[in-house]
Amino acid sequence: MLGPIGSPADLIAFGAHARERGERVVLTNGVFDLLHVGHVRALQDARSRGDRLLVALNSDASVRALKGPGRPLVPQDERAEVLLALQCVDAVYVFGEPDVCEVLRALRPAVHAKGRDYTEETVPERDVALAVGAEIAIVGDPKDHSVTDLIRRARG
């Protein structure tokens, strides 16, 4: 585990240092509000595609913009800590933009991994990923798990 990455400059350095060592960096991103088995499987699959896995984590403000005023349930620092506790995650970078295009440009990963709710053609950052030389990987098992469903079931 390398830990949290706090600035765009650190993100650039992380990618450059890994490339200097001949390591393949994999980037994945998401909210990861309540970590569930679907998340873990996707993260493990993503990590298997390279030597280092960096998770770009949506900031609290960006989660509210995406999911509504009741989310996230877990603050970003705690979500980052939980992700970093997973053996397959090397680093976490919190971002506030609506997509990870700027993260892709700074990191220049070998692989951009997205969950099975996408196809290679529907990945929102596809053009940027390809422009920086990243292969697109669709990871994890079928999208049979979701935080929204967990919240719905918990509320009964």
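Close-up 1. Buried means under 20% relative accessible area, exposed over 50%, and partly exposed in between (1.4 Å probe, protein chains only). Strands (E, at least two residues) and helices (H or I, at least four) are DSSP runs, numbered from the N terminus. The model is predicted: local features need pLDDT of at least 70 and side-chain atom pairs count only at pLDDT 80 or more, while totals for chains, interfaces and linings use all residues. Residues are numbered from 1 along each chain as its sequence is written, and side-chain values use heavy atoms, without hydrogens and water.

Close-up 2. Ala56 has Tyr93 of strand 4 as its bridge partner.

**Close-up 3. Helix 1 and its two faces.** The 13 residues of helix 1 (residues 8-20) reach 18 Å from first C-alpha to last, close to the expected 18 Å, which is 1.5 Å times one less than the number of residues. Leu11, Phe14, Gly15 and Ala18 are the buried residues of helix 1. They lie on the same side of helix 1 because their arc around the axis is only 90°, taken from the directions from the helix axis to the C-beta atoms. Ala9 and Glu20 are exposed on the face turned away from the buried side. Just after helix 1, Gly22 has a positive phi of about 75°.

**Close-up 4. Lys114 and the ring of Tyr118.** Lys114 lies over the face of Tyr118, 4.8 Å from the ring centre. A charge sits over a ring if NZ of Lys or CZ of Arg is within 6 Å of the ring centre and within 35 degrees of the ring normal.

How values were computed. Pairing = 2+ DSSP bridges.
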